[in-house]
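This briefing covers the fold, the surface and a few local sites of one protein chain. The sequence and the structure come first, and the notes follow by topic.

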Amino acid sequence: MEFEIVLPGGGQVDAHMGGLVIHTDQDGSAPSPFQLFLASMGTCAGIYVASFCQQRGLPTDNIRIVQRMTRNPMTHMIENIELDIQVPPDFPEQYKSAVIRSAELCAVKKHLEKPPSFNVHTSVMDRTLEA
């Protein structure tokens with residue numbers, strides 16, 4: 001898997017993958033990279049919750065996930081992430097704990113629990129590839 005990260009100007013930084021482009025910036029016209037990172041946790045859980053419901057013929061239009069984060073006041077790092085899966089009153093009781101388990105299958109969450117190693121380096125671009 002590979003992303004190409006480009007810096008088109010200003011505070012904008014874009015990630016290209018296949019035919020998709022993810023825009024980020026620091027001035028509010030797109031999510032910041034950190035906001036996108038945080039949103040990836042809730043949206044990933046949402047994909048698993050939606051799949052769980054669809055497999056059981058349960059409607060998803062009245063389900064939402066509220067993601068809350070708390071920061072450590074000393075380090076300013078996120079210390080806790082809460083995902084509140086809000087279901088409608090008629091959501092079957094028998095599926096409430098199972099829908100939580102499905103959200104916990106999120107690949108983003110699993111990668112945070114067992115983070116990858118990072119290798120950051122520089123290389124010289126091959127100018128023949130730019131044309």
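**Overall fold**

The chain holds 3 helices and 5 strands, in a model that is predicted. In sequence order these elements follow the pattern β-β-β-α-β-β-α-α. The radius of gyration is 19 Å, well over the 14 Å that the globule rule gives for 131 residues, so the chain is more spread out than a compact globule.

**Dimensions and contacts**

- The C-alpha trace spans about 60 × 40 × 30 Å along its principal axes.
- Of the 131 residues in the chain, 19% are buried.
- When contacts between residues at least 6 apart in sequence are taken, 33% of them join residues at least 24 apart.

**Surface and charge**

- The accessible surface of the chain is about 10,200 Å².
- Carbon and sulfur atoms account for 57% of that surface.
- There are 10 positive and 15 negative side chains in the chain.
- The centres of the positive and negative sets are 10 Å apart.

**Helix H2**

- Helix H2 covers residues 96–103, and its buried residues are Ala 98, Val 99, Ser 102 and Ala 103.
- Viewed down the axis of H2, these buried residues fall within an arc of 145°, so they line one face of the helix.
- As a general point, an α-helix has 3.6 residues a turn, so residues three or four places apart point the same way.
- The packing partners of the buried H2 residues are helix H1 (33–55) and strand S5 (78–86).

**Glu 82 in strand S5**

- Glu 82 is part of strand S5, the strand at residues 78–86 against which the buried residues of H2 pack.
- The relative accessible area of Glu 82 is 35%, which makes this residue partly exposed.
- Beyond its neighbours within four places in sequence, Glu 82 is in contact with Val 66, Gln 67 and Arg 68.
- Gly 42 is 40 residues from Glu 82 in sequence, and their C-alpha atoms are 9.3 Å apart in space.

- Arg 56 sits in the loop between H1 and strand S4, which covers residues 64–71.
- Arg 56 is partly exposed, at a relative accessible area of 36%.
- Arg 56 and Tyr 95 are 39 residues apart along the chain, with a C-alpha separation of 9.6 Å.

Conventions
Residues are numbered from 1 along each chain as its sequence is written. This is a predicted model: local features need pLDDT of at least 70, side-chain atom pairs count only at pLDDT 80 or more; totals for chains, interfaces and linings use all residues. Side-chain values use heavy atoms; hydrogens and water are left out. Buried means under 20% relative accessible area, exposed over 50%, partly exposed in between (1.4 Å probe, protein chains only). Helices (H or I, at least four residues) and strands (E, at least two) are DSSP runs, numbered from the N terminus. The arc is that of the directions from the helix axis to the C-beta atoms. Contact means heavy atoms within 4.5 Å. The radius of gyration is taken over C-alpha atoms; the globule rule is 2.2 Å times the number of residues to the power 0.38. Accessible areas come from the Shrake-Rupley method with a 1.4 Å probe; for residues, only the protein chains shown count as cover. Lys and Arg count as positive and Asp and Glu as negative; His and the chain ends are not counted. The place of a charge is taken as NZ of Lys, CZ of Arg, CG of Asp or CD of Glu.
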